[in-house]
Amino acid sequence: MSKDGSAMIFPMLFEEAAKWARKNSLWPMPFGTSCCGIELMSTLSSHYDVSRFGAEVVRFSPRQCDMLLVAGTITTKMAPVLRTIYDQMLEPKWVIAIGACSSSGGIFDTYSVLQGIDEIMPVDVYVPGCPPIPEGFLYAILHLQKIIDGKISRCSANKPTFDDAINAMSYNNKLSQTREQIIAAGLTITPEYVASQRAQQEGR
Amino acid sequence: MSGAQNYENLKSKYGDKRKSQMDAAFELILWATSPTDMVTLAAELKSDKEFLFDYLVDLTAYDNIDGVDGSERFVLVYQLYSQSTHMRVRLKLLVGLDTQVKSLVSLFLGANWLEREAFDMYGIVFEGHPNLRRIMMDDRFVGYPLRKEYPMKQRQPFSDNIKFHLGQTPLPLSNEESGENRVNLNDFYNPNVLLNLGPSHPAMHGTLRVMCRINGETIEDAACELGYLHRAIEKLGENRSYHQWIVYTDRLNYCSSLANNVGYCMAVEKLMGLTITDRTMVIRVMAMELSRIIDHLVCVAINALDLGAMTIFWHFYYWREEAYTMIESMCGMRLTTSYARIGGMSYDLPENFEARMRRFVEEFPRTLNEVSNLLTSNRIWIDRTRGVGIISKEDAIKYSLMGPVARASGVDFDLRRDRPYYNYPNLDFDVAVGTNGDVYDRYLVRMEEMRQSVRILQQCVAKIPKGPIWVDDKRVKIPAKQDVYTKMEDLIHHFKIFMEGIEIPPGEAYSSIEAPNGELGFYIVARGGPKAWRMRVKSPSFMLFQNFEQTVKGGKIPDAVATLGSINIIAGELDR
């Protein structure tokens with residue numbers, strides 16, 4: 001307001017207030033698909049009580065939430081659903097990958113499992129464990145609060161855009177083999193090949 | 001068991017024209033000669049007055065690319081169970097790449113999804129199947145993932161969600177696809193409004209998807225889509241050693257991991273002909289009953305939460321945490337336990353276990369009674385659950401349902417009593433059976449089963465035998481840690497078990513336990529070596545969810561939520 005710029009104090013104050021409000025009322029959108037979802041329920045329930053940290057208002061509508069909790073294995077079939085939910089959430093939004101499966105695919109390195117949700121969306125906090133104990137999950141929320149506060153800089157290892165996500169979820173960029181090659185590969189192995197492999201193994 | 005004579009009778013009755021053999025667990029295998037013969041055989045066995053094989057327990061296939069079982073490419077396997085004689089029989093059929101197999105849906109309704117799964121995983125075509133399309137994988141998926149030549153890590157991602165099918169025809173969803181059939185939402189009296197529930201829906205357990213055609217609030221037709229949590233656990237079973245695969249059993253039904261560990265280890269022990277020690281037996285029974293309690297706790301708590309009764313959730317989760325603390329002291333993990341080992345347990349019971357368990361069995365029934373007082377005669381609860389989601393006894397048998405859901409419908413069947421394993425014959429417990437088969441009865445059956453489990457735990461904890469927890473067998477026994485550090489032989493032995501795995505002779509076995517949700521079976525085909533040739537999980541949730549389409553028809557949308565909560569589908573074991 002005045003010419004020396006002292007009015008800047010108000011926007012600064014407002015920003016601090018917004019940070020304070022955001023970090024203490026994180027509304028989670030739980031996307032619990034498997035085992036980690038059960039531990040997530042434990043965290044929400046009476047013993048661990050996530051409401052001590054202001055994150056208990058669970059909403060299943062992505063438009064009302066600002067913290068996406070991905071708890072559990074995400075298969076390639078589920079990946080488009082998850083990306084849709086992420087796109088439906090309003091800014092500012094944060095993502096926590098709970099457990100080994102959503103962080104990296106975990107022990108399921110197979111034909112149907114997405115190897116980490118950071119292929120399709122930016123992740124703020126990864127929680128290790130299979131599944132992580134509730135304390136680990138609470139620590140992740142505390143960590144996220146520091147990120148929102150600005151005490152820790154927000155740096156995702158991977159920052160896929162929408163187009164990156166589409167690429168990750170389609171044949172073209174991710175796969176070494178094309179669709180036709182897969183069909184062809186289906187016919188390369190014969191009983192004789194298996195027998196020779198077996199003979200080799202026995203010989204060894 | 002007096003079953004030996006029965007098996008001889010069965011063999012002489014059906015096995016003279018066909019090839020027959022005994023498996024590692026002394027169960028009869030009959031080889032059908034042709035697809036037509038398979039239908040005849042199944043129909044004869046089903047209507048046989050003496051044996052009455054009325055349950056289709058499982059239907060699966062395995063790859064026969066190495067030609068051990070015959071010249072054809074696949075072997076199709078049917079497991080039948082007889083409620084009256086408690087016998088099992090396994091039917092097998094050699095199937096070539098081009099063979100058209102006859103569908104068994106007309107005989108056993110439960111075969112519907114099982115045949116779809118065999119088609120999805122192996123590409124076996126069933127003639128006369130009402131709706132033969134992929135079940136786990138996307139419709140656009142190329143190849144058949146469980147065939148031996150399909151690479152385990154070959155992913156085929158798609159950038160959009162699967163289009164939905166209702167019955168046989170694709171749903172008319174958009175104008176481009178089918179102009180005139182388009183659902184007009186402006187037409188108030190249009191009885192063809194489609195409602196999609198899931199996969200991300202609070203009542204759909206995270207991964208289930210149901211498409212309903214609704215008229216007002218009444219569901220006229222429903223179709224389920226699954227496979228959103230298909231993690232290829234069965235393919236992993238063929239690519240990991242027997243010992244390594246124990247950790248995957250935890251993730252099948254993650255609400256009751258302990259029971260899964262025990263069930264799997266039991267199957268491998270059956271294959272190897274091992275008998276575990278008395279102490280391990282009691283520990284395993286306690287582990288299974290504890291996991292039954294925590295599984296039912298989650299089921300009832302979530303069911304009540306879905307219907308708006310939040311207090312139950314807080315009450316039950318307190319005790320679930322207590323049980324978790326106990327499990328953590330037993331094996332070091334809360335949820336994914338990996339407690340059992342082939343031939344023993346990973347750890348012996350901790351020192352203060354008995355005192356802790358005594359406290360649990362004394363104090364937990366109090367909470368059970370408290371919740372029972374809150375719900376059983378609660379007007380709102382009764383209105384929401386009684387007469388809702390009814391599964392008749394006939395339907396339960398036709399769809400091969402097992403476990404608490406079947407018992408609530410009046411099927412008096414419990415593997416712990418009918419095909420006893422471990423020391424269940426010495427334990428005193430009752431089998432809870434309902435009459436109406438609605439949500440309310442399922443709730444009552446689950447509450448009663450928890451009480452019976454507490455009874456079993458009381459009896460077990462009163463006399464835990466002393467002694468070793470490992471069988472004295474060099475093939476499977478994992479050496480103690482201090483010996484590994486000090487003795488050369490034990491170090492080598494430890495290295496061989498963990499790096500190479502346990503060698504298991506060729507053979508096959510099917511073993512099942514009464515898991516919290518129903519019969520959980522493991523069917524293992526071994527061709528020698530440390531890895532299984534085929535690892536099949538017969539999961540109870542698969543059958544339960546198959547019946548769901550029928551159960552919700554004619555009900556209201558909120559009733560579907562109540563029904564789904566009460567049948568306790570665990571996606572990990574549904575999709576595997």
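**View 1. The open sheet of chain B.** Five strands, or 5 in the order E1-E2-E5-E4-E3, make up an open sheet in chain B with mixed pairing. Pairing here asks for at least two DSSP bridges between two strands, while strands (E, at least two residues) and helices (H or I, at least four) are DSSP runs numbered from the N terminus. Strand E1 (19-22) and E3 of chain B sit at the edges, each pairing on one side only. Going from one strand to the next, the twist averages 20°; angles run from 0 to 180 degrees between N-to-C directions, with axes fitted as lines to C-alpha atoms, for helices over the stretch in contact.

A word on the model: it is predicted, so local features need pLDDT of at least 70 and side-chain atom pairs count only at pLDDT 80 or more, whereas totals for chains, interfaces and linings use all residues. Residues are numbered from 1 along each chain as its sequence is written, and chains are lettered from A and ligands numbered from 1 in the order in which they are written.

**View 2. Strands E4 and E5 of chain B.** Strand E4 (residues 74-81) and strand E5 (residues 88-95) of chain B run antiparallel and are joined by 8 bridges. Pick out B:Leu80 and you'll find its bridge partner, B:Val89, in E5(B).

**View 3. Helices on the sheet.** Helix H2 (residues 35-47) of chain B packs on the sheet, where it touches strand E2 (28-31), E4 and E5 of chain B. Contact means that the C-beta atoms of two residues, placed from the backbone, lie within 7 Å. The direction of H2 makes about 170° with that of E5(B). H3(B), for its part, lies across E3 and E4 of chain B and runs at about 5° to E3(B).

**View 4. Domain 1 against domain 2 in chain B.** Chain B is assigned domain 1 (3-127) and domain 2 (233-575), with bounds from an automatic or database domain assignment. Taken over C-alpha atoms, the centres of the two are 27 Å apart. Domain 1 of chain B puts 21 residues into the contact and domain 2 of chain B puts in 27. On the domain 1 side, strand E3 (55-63) and helix H3 (111-122) of chain B are the elements giving two or more residues, and E3(B) gives the most, 6 residues.

**View 5. Chain B against chain A.** Here 48 residues of chain B are in contact with 47 residues of chain A. Helix H4 (233-239), helix H8 (310-331) and helix H19 (571-575) of chain B each give two or more residues to the chain B side; H8(B) has the largest share, 5 residues.
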